[in-house]
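Hi everyone, thanks for coming.

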Amino acid sequence: MAANGSTVLDHGVVLRALRSKTTTLSLDNTKIDALPPSLTKLTFLTKFSAKNNSLTDHGLSPTLKSLTKLCAINLGCNKLSCLPVCFMEMPELQNIHLFSNEIEQLDEDVLECLTEVIVLNLNGNLIDHLPPAIASLNNLTTLGIASNRLKFLPQEISHLSSLVELHVEDNQLQHLPSGISQLKKLTRIYAQKNKLQSLNPLISCCTSLRVLDISSNQIQFFPQELGEMKLREFHYELNPLIPFIPIPSSATEEVLPLKELICRRLFTILENDSRLEVIVQSLPEVRDALAQAGKCLVCDGPFVNSWLECVKFIQAKKIILPLRSPSGLIPIRIMLCSYKCLNSGDHDYYGIATPPSTNDIFVK
Ligand SMILES: [Zn+2]
């Protein structure tokens, strides 16, 4: 502890708190690297803050352990490298702020004890993964883990059934897990400044979602399901979206692989004769292939492993609730069964051309 800090804290702030029996104490900006030992007498504290100091893991223990009645703790902007183990003995802890520390890993044993926590703010640390034990935080409404080193989110995030706000911006995420579709209360997702190459279509299952920020990623087009969402804010700038630059198409009908032709034919036969269903169910490979079948948006015909990836462009304001409608065209992914359907001309879908030059352009 800083030499002056010890005197001031022991005989000043802490003693005053002891006399007044206050339940809230702040040691913010006091330049301490360890908590004053006299703090152990304040066992009645429910809110404690010591942000903007130089506190280390060692500097917290064993003093902090005495504050077993804490509901809220703010140790942001310090030098902590892990979740304090004494959190395991604070059963009423609901608000935890540990932003801007040096935390690299989250102890699973500690996480498993944080079942009452509502807000967990770990923004600005060095965390490279969320362990499966994150599933224990089933009362969590706000998870802040922005500006860390996450490369992925675990499927266990699907257990955070109370989650309303998710901050994962400024990480290295390449995709959002399908488990996110289970979060029916999720209202706001901030995932800007990552490495997302696509938007998981299952995000449309988050029926409460109103704010989605996926700006500054690597997304070229969006899933069709985007049109089913009721977003009030949709931030998608600074993505390499495919531009609307139509050029004539010279593409002709392709020759499909034999397996694809058989699957498409089988699919059509099955639609008209359900008696064959029993046979297909006994052939796992065929059954699995047919289970993946998609439907061409032009001819309604099936496709299994071969399709033509296309886009349609819709006005952004058509898919966002009118509160903050952005302008511009949004490319939406569309799949067609063949060039024949693409070239039929009776639709607004565009094939994606990749000429030898640097920019993608369109053919129709
Ligand atoms: Zn078709």
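Before anything else, one term: we say two strands pair if DSSP finds at least two bridges between them. Also keep in mind that this is a predicted model.

Strand S5, residues 119–121, runs parallel to strand S6, residues 142–144, and three bridges join them. Pick out Asn-121: its bridge partner in S6 is Gly-144.

Now zoom out a bit. S5 and S6 sit side by side in an open sheet of 10 strands, ordered S1-S2-S3-S4-S5-S6-S7-S8-S9-S10, and the pairing is parallel. Which strands are at the edges? Those are S1 (24–26) and S10 (233–235), and each of them pairs on one side only. Going from one strand to the next, the twist averages 5 degrees.

Next, the domains. Domain 1 covers 3–235 and domain 2 covers 246–363. Their centres, taken over C-alpha atoms, are 42 Å apart.

And what about the core? The largest nonpolar core has 79 residues, and Leu-93, Leu-137, Cys-310 and Leu-336 have the most contacts inside it. Helix H1 (3–20) and helix H4 (258–272) are among the elements that give two or more residues to this core. Strand S14 gives the most, with four residues.

Last stop, Leu-93. If we skip neighbours within four places in sequence, its contacts include Leu-70, Ile-73, Phe-87 and Val-117. Glu-116 is also one of them.

How values were computed:
Residues numbered from 1 in each chain as written. Predicted model: local features only at pLDDT ≥ 70, side-chain atom pairs only at ≥ 80, totals over all residues. Domains from an automatic or database assignment. Core = buried A, V, L, I, M, F, W, Y, C linked by C-beta atoms within 7 Å. Buried ≥ 20, exposed ≤ 12 C-beta atoms within 10 Å, placed from the backbone. Contact = placed C-beta atoms within 7 Å. Axes fitted to C-alpha atoms, helices over the stretch in contact; angles between N-to-C directions.
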